[in-house]
Amino acid sequence: MAGSWQGTGFNLIARPDFAGHANLYLQLNQTSETYDVNPIGSPVPNRACGCDGVDLYGVTYLHKVRDAATGSALHIEPGMWMIQPVVDYPPEKPPTGGQIVYRMASIPHGNSILAQGAATRFSGTPVLATSQDPFAFSSFLSFNSTPITGVVPPAEAIMNAHGTSEAGTSRTDHLKPFQQYDLTVPEGPKNPRTPYDTNPPDPALPSELLGVAMQDVVNDPITLLQSVVRKQVAEGYSFEGVAINVMTQARVGFRNKVNDPYGPYTTVHPPNSDGGLTNSPFLLGGVPTGGMGPNAQTTLVYATLWIEKLTHPTRPPMMQLQYAQMCVINFRILLMPNQGIVGWPHVSVATLRKSFG
């Protein structure tokens, strides 16, 4: 993991639009990203009261994301990845052949997270669906963008099934689908979505990215990672590496049927997952939360990173890092405040290559 990584990706975030007097603004960005990782040069001793102390090892990182078209800054995240050994108090051990890992991260909006999970080796094609895994070597069943009912930890969030579309989802008789997610409806003041009202101006959305229809990208951005891997498989590459799955709490649910926000669901408890997150008083709308609810409260983060070594019969090997991340952000429907809090998915994906930068 240590080294410099560069590449491209896609970012989707539903954000409040109080100034535009709209329920939400759907921000869509093609991204240019760097991910610089440096080893921590010594063990980090953690003392304990209920067992022997342990030494942690890890790396620091700095993740920067820019808009690919305009070069404007979108995201900066300093953080650390740490490896924890097996412990008896509390009893924690990783999957066979794996390691307990956690990620600590902070972003300027006023959020800090600790997301724990496990790192495991794999041999085979990552990201692509298999009979056992919707996204091979990921613990998570969906990175879908369709809004959910807002919940706050430790309550279990229930995410929509992969392939769900906002246009095809009917929640109640009086809550219509949010048209920002439906690309057949042009963007504008009554349907605020990129590139409407961007500064500097963003170009119009393309009809497809990497051969994936743009509507499918909006529904499930992870389809972009799958498109990259399918092309590499067709070119003759094979894969091995390490998959890292982390989450800020222990459990998350996923609906079993497409476009069904109320039906049965499967609860997932990834190995070693746990943690927590904090939001600034501004994001919470006050402490305690004010009458209008949170401004933008992050309540859940889960992510899979695939660190991949690609080999080819006639080409040099290369190192590739792919990630898919889900954040759930709570805020009210501005024009329908009596509908309660909604959990709005913020989904980010990227494919990066090891560089000498």
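A residue counts as buried when its relative accessible area is under 20%. Keep that cut-off in mind as we walk through this structure, which is a predicted model. Tyr61, at 4% relative accessibility, is therefore buried. Tyr35 is buried too, with a relative accessible area of 6%.

Let's see how these two tyrosines sit together. A pair of aromatic rings is described by the distance of the centres and the angle of the planes. The model has 9 aromatic pairs. In one of them, the ring centres of Tyr35 and Tyr61 are 5.1 Å apart and the planes meet at 20°, so this pair is stacked. Tyr35 belongs to strand 2 (residues 22-39), while Tyr61 belongs to strand 4 (residues 54-67), so the pair ties together parts that are 26 residues apart in sequence.

Aromatic rings turn up elsewhere as well. Phe135, Phe140, Phe143, Phe254 and Tyr302 are linked into a cluster by ring pairs.

Now for the cysteines. A disulfide is a covalent bond between the sulfur atoms of two cysteines. How many disulfides does the model have? The count is 0. Take Cys49: the closest cysteine sulfur belongs to Cys51 and is 9.3 Å away, which is too far for a bond, because a disulfide needs the two sulfur atoms within 2.5 Å. Cys51 is likewise in no disulfide, and its nearest cysteine sulfur is that of Cys49.

Technical notes: Residues numbered from 1 in each chain as written. Predicted model: local features only at pLDDT ≥ 70, side-chain atom pairs only at ≥ 80, totals over all residues. Heavy atoms only, no water. Phe/Tyr/Trp six-rings, centres within 6.5 Å; stacked < 30°, edge-to-face > 60°. Helix = DSSP H or I, 4+ residues; strand = E, 2+ residues; numbered from the N terminus. Buried < 20%, exposed > 50% of the residue type's maximum accessible area, 1.4 Å probe, protein only.
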